[in-house]
Amino acid sequence: MAKYSFSPTGEKFLLPAKNDYIKEFERLKKLVKNQRAMGREIVVVMGLGFVGAVMAAVVADAEDKKRTPTKFVIGMQRPSTRSYWKTPLLNRGLPPVSSEDPEVAPMIHRCVNEKKSLIATYTYDALKLADVVVVDVQCDYLKESLGNVREGRADMEALEESLEIIATHINPETLVLIETTVAPGTTEQVAYPIMKKMFRKRGIQSDPLLAHSFERVMPGKNYVSSIRDFWRVCSGVNEEATRRVVKFLKEVINTKKYPLTVLDKPIESETAKIVENSFRATILAFLDEWSLFAERNGVDLTKVIQAIKVRPTHSNIIFPGPGIGGYCLPKDGGLGLWAYRHIHGWEDDIFKITPMSIDINDTRSLHVAQLTRDAMRNMGRPLALAEILVLGASYREDVGDTRYSGSELIVRRLTEMGAELKVHDPYVSHWWEFEKQDEYPASSQSLKRFFRGQEKLKDLRVEQELKKALEGTDAVIFAVRHKHYLNLDPDEVVKNVGGPIAVIDCFGILDDDRIRRYFELGCEVKGLGRGHVKRIKDQVRDKKRTED
Ligand SMILES: NC(=O)c1ccc[n+]([C@@H]2O[C@H](COP(=O)([O-])OP(=O)(O)OC[C@H]3O[C@@H](n4cnc5c(N)ncnc54)[C@H](O)[C@@H]3O)[C@@H](O)[C@H]2O)c1
């Protein structure tokens, strides 16, 4: 039976059949022959996800001093029903990822249609033609319970499978660069043996040229430059691999302005990525307890943070929003704990701060449901009869990436408590975590498994028009610092709703004047880390009493 893959806009693509593979490889061989004649090196980027799609374009856009492209890039995406559509889309010059960076779409268009330095394919045979393979497939960490990262495991299936496929197909001289964030030790203890065994099977005596260099990409306004114009760390399994990876990165990334750090061994590069993200997860988690302290003792944590930030030594202190999302921070520390036992074989438990931070971050947003409940109670309205609007679905401001966003848990917990949820986000047209919750992010991996009563959330649609979203709402939760929400006028909000509401500020979005105005309009206000709202409420009440 014919199988189709659907793009996010609903376009239908027929998955390739057996015969197509032969024709596709012939097409690639012809293209590669011409490209080699032009002196271009052939780079296969495996995995056209958030990282691979844009990395492929950055490499394809690289030029020498005479401004001619130095690489021909073949983006390789496995033809699953879930992801195949990315291949034909990219071949038209269209980005397979949505982005707020105005550089992404023109760059892909330019490389595919003008420079002719980028194409996409579904056949692993492309690997046979590569001088360099860049691995950008996922490596997940699967959690078995909510708020306990220790109960989980690294899911290396896609990565292990990819490495075996690569070793089956490549020329022994091909450089294989793993960019995937991996459990420290993976390159030498997992990838190298997989490849070496396959090389032996093929009668190849030489060592695989394997290297690691992690991505620091931020899918947002600076998507492209966060890959191209940013510092890199790298390391190879042997001298030749190190030499080759340094050469490659110097040719495709702006290492003149952002110098490379070359470490002795891949485990050091892998550890750098995990420590970097665990550090950030920790400084965010650390403020969760102070956020509660602030709420219970009349302190505005946002002002406290501003006061501290002026010290140059403390300038990276950050107010944690409703949970710390994105693909990386919730999982990367878990890969570290897992590696310690399962790759390196240690039995003791040396990790305290890293898992605790992830657990705190993973459950911080549940407190938002408690604040909403309390605000509704103060207004004498039952939560289970309420219609609640969440403003912002993504994990950070002004991007459309919803992966592991705090907003998802807010929606799930409040739904479990009986409320009806609505959502507005100007950057998100489909919130797949709900619309496709049986298969997204993977089957049985939806966070719905930690909550009851989640079935109806498949019908949750993201409202694009704020005025419409506000109509008839009982509570508004400011969940993300999108620019659209920073200056909303309380009078307008209450007018659009049609009466007083509960307002929950999760991200220090409301200044004191707005908080005061909401109270004057008969609303109830609560906020994460914003204990001073009670003082403002009392002032408004006292003023009203003296006026009466
Ligand atoms: N912001 C970010 O997203 C970010 C930042 C830094 C690092 N990283 C890391 O980069 C890596 C990739 O992340 P991502 O966000 O691009 O993931 P993703 O899930 O968006 O993309 C992975 C892609 O690889 C494809 N794939 C899997 N197996 C394959 C195979 N055998 N052959 C060809 N394609 C295959 C998948 O279909 C998918 O399209 C992860 O390790 C991640 O932690 C991500």
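**Loop positions**

I began with Arg-67, whose place is in the loop between H2 and strand E4 (71-76), with helices (H or I, at least four residues) and strands (E, at least two) taken as DSSP runs numbered from the N terminus. This is a predicted model, in which local features need pLDDT of at least 70 and side-chain atom pairs count only at pLDDT 80 or more, while totals for chains, interfaces and linings use all residues. Residues are numbered from 1 along each chain as its sequence is written, and side-chain values use heavy atoms, with hydrogens and water left out.

I noted that Arg-67 has a positive phi of about 65° although it is not a glycine. I also noted that Arg-67 counts as exposed because its relative accessibility is 63% (buried means under 20% relative accessible area, exposed over 50%, partly exposed in between, with a 1.4 Å probe and protein chains only).

I then turned to Asp-398, which is found in the loop between strand E13 (387-391) and helix H14 (406-416). Phi of Asp-398 is likewise positive, near 55°, in a residue other than glycine, but at 10% relative accessibility Asp-398 counts as buried.

For the loop between helix H15 (432-435) and strand E15 (462-463), I looked up Pro-441, which lies there, and recorded that the peptide bond from Tyr-440 to Pro-441 is cis, with omega near 0°.

**H2 and H4**

I went back to H2, which covers residues 52-61, and to its packing on helix H4 (residues 104-114): the angle is about 55° and the axes are 9 Å apart. The axes are lines fitted to C-alpha atoms, for helices over the stretch in contact, and angles run from 0 to 180 degrees between N-to-C directions. H2 and H4 are therefore oblique to each other (under 35 degrees counts as roughly parallel, over 145 as roughly antiparallel, 65 to 115 as roughly perpendicular and the rest as oblique).

I found that H2 passes H4 in a left-handed crossing (left-handed if the near helix is turned anticlockwise from the far one by less than a right angle, right-handed if clockwise). From H2, Ala-53, Val-54, Ala-57, Val-58, Ala-60 and Asp-61 meet Val-104, Met-107, Ile-108, Arg-110 and Cys-111 of H4, contact meaning heavy atoms within 4.5 Å. I sorted the residues of this contact by class and have 9 nonpolar, no polar and 2 charged (Ala, Val, Leu, Ile, Met, Phe, Trp, Tyr, Cys and Pro count as nonpolar, Asp, Glu, Lys and Arg as charged, and the others, Gly among them, as polar).

**Arg-228**

I followed Val-58 and Met-107 to Arg-228, which is in contact with both of them and with Glu-103, Val-252, Ile-253 and Asn-254, leaving aside its neighbours within four places in sequence. Arg-228 lies in helix H7 (residues 223-228) and counts as partly exposed, since its relative accessibility is 21%. I also noted a polar contact of 3.1 Å that joins the side chains of Arg-228 and Asp-229; a polar contact is a pair of N or O atoms within 3.5 Å, where within protein one must be able to donate a hydrogen and the other to accept it, and residues adjacent in sequence count only if both atoms are side-chain atoms.

**H9 and H11**

I looked next at helix H9 (residues 266-296) and helix H11 (residues 332-342), which pack at an angle of about 130° with their axes 8 Å apart and are therefore oblique to each other. Their crossing is left-handed. In this pair, Lys-273, Ile-274, Asn-277 and Ser-278 of H9 meet Asp-332, Gly-333, Leu-335 and Gly-336 of H11, and by class I have 2 nonpolar, 4 polar and 2 charged residues in the contact.

I checked helix H5 (residues 157-169) against helix H6 (residues 186-201) and recorded an angle of about 35°, with the axes 8 Å apart, and a right-handed crossing. H5 contributes Leu-159, Glu-160, Leu-163, Glu-164, Ile-166, Ala-167 and Thr-168, and H6 contributes Thr-186, Val-190, Ala-191, Ile-194, Met-195, Met-198 and Phe-199. The residues of this contact divide into 10 nonpolar, 2 polar and 2 charged.

Val-135 lies in strand E6 (residues 132-135) and, at 0% relative accessibility, counts as buried.

**Thr-372**

My last entry is Thr-372, found in helix H13 (residues 366-378) and counted as buried because its relative accessibility is 0%. A polar atom of the side chain of Thr-372 lies 2.6 Å from the backbone oxygen of Val-368. Leaving aside neighbours within four places in sequence, I have Thr-372 in contact with Leu-383, Ile-388, Leu-414, Ala-475, Ile-477 and Ile-504.
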